[in-house]
Amino acid sequence: MNPVCKLWIAIMNAILLTMLPLMAKADDPGTCYMVTSSGRTISLGKLCGATQTNNRVFRVPIKRRNGKTPVIDVTFNGNQVFEMILDTGASGTLITQQMAKAMNLKPSGTINASIADGSEVQFKTSLVNSISVGGAVVSNVEVAIAPKADIGLLGHDFFENYDVKILSKQVEFHRR
């Protein structure tokens with residue numbers, strides 16, 4: 001690429017980045033946002049790696065892979081961020097005991113679940129106000145609490161209204 005083109009791209013990127021706070025709009029700011037002096041919340045997800053290409057597609061970077069399965073940042077109740085495995089085989093969301101403790105969740109029920117090896121286990125459950133990933137949000141979700149898990153699993157109760165596309169470096173959630 002010639003130097004003039006590189007300079008032009010750099011100038012355009014600088015202009016777009018300065019305009020981003022004016023263009024951004026957030027229902028759920030996730031973990032990357034700013035609050036203006038007038039109190040308006042503005043998502044900065046694009047600067048932090050999460051992007052919403054339109055009101056139907058949400059993108060989030062893959063932080064790493066755990067057994068070839070994507071690990072992404074997931075925000076609970078608008079302010080608690082945890083790494084979780086995006087588990088396309090899980091019907092529900094499972095959190096660790098440490099996550100439940102960090103969110104001050106109290107068990108409110110139990111659920112019997114079949115796990116990957118085919119056995120049945122019982123988990124305590126609790127209700128979270130919201131789960132969000134890259135701008136995609138689900139409210140009032142009952143989650144299972146796994147006392148021995150090292151990492152949580154984000155399941156179909158989160159992305160059941162999205163088509164999920166797993167790419168090499170990011171995951172896309174396409175609203176149906």
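**Exercise 1.** Is arginine 59 buried, partly exposed or exposed, and what is its relative accessibility?

*Solution.* The model under study is predicted. Step one: the relative accessibility of arginine 59 is 24%. Step two: buried means under 20% and exposed means over 50%, with partly exposed in between. Step three: arginine 59 therefore counts as partly exposed.

**Exercise 2.** Determine which parts of the chain are tied together by the salt bridge between glutamate 172 and arginine 59.

*Solution.* Step one: the side chains of these two residues, glutamate 172 and arginine 59, meet in a salt bridge of 2.6 Å, N to O. Step two: glutamate 172 belongs to strand S14 and arginine 59 to strand S4, so the pair joins parts 113 residues apart in sequence. Step three: glutamate 172, at 5% relative accessibility, counts as buried.

**Exercise 3.** Identify the salt-bridge partners of glutamate 83, including lysine 63 and arginine 64.

*Solution.* Step one: between lysine 63 and glutamate 83, the closest N and O atoms are 2.9 Å apart. Lysine 63 lies in the loop between S4 and strand S5, and glutamate 83 in strand S7, so this pair ties together parts 20 residues apart in sequence. Step two: glutamate 83 and arginine 64 meet in a salt bridge of 2.3 Å, N to O. Step three: Lys63, Arg64, Asp73 and Glu83 are linked in a network of salt bridges.

**Exercise 4.** Describe the largest nonpolar core.

*Solution.* Step one: this core has 28 residues, of which Phe76, Ile95, Ile131, Leu154, Phe158 and Phe173 touch the most other members. Step two: S11 provides the largest share of the core, five residues.

Methods. Residues numbered from 1 in each chain as written. Predicted model: local features only at pLDDT ≥ 70, side-chain atom pairs only at ≥ 80, totals over all residues. Heavy atoms only, no water. Core = buried A, V, L, I, M, F, W, Y, C linked by side-chain atoms within 4.5 Å. Buried < 20%, exposed > 50% of the residue type's maximum accessible area, 1.4 Å probe, protein only. Helix = DSSP H or I, 4+ residues; strand = E, 2+ residues; numbered from the N terminus. Salt bridge = Lys/Arg side-chain N within 4 Å of Asp/Glu carboxyl O.
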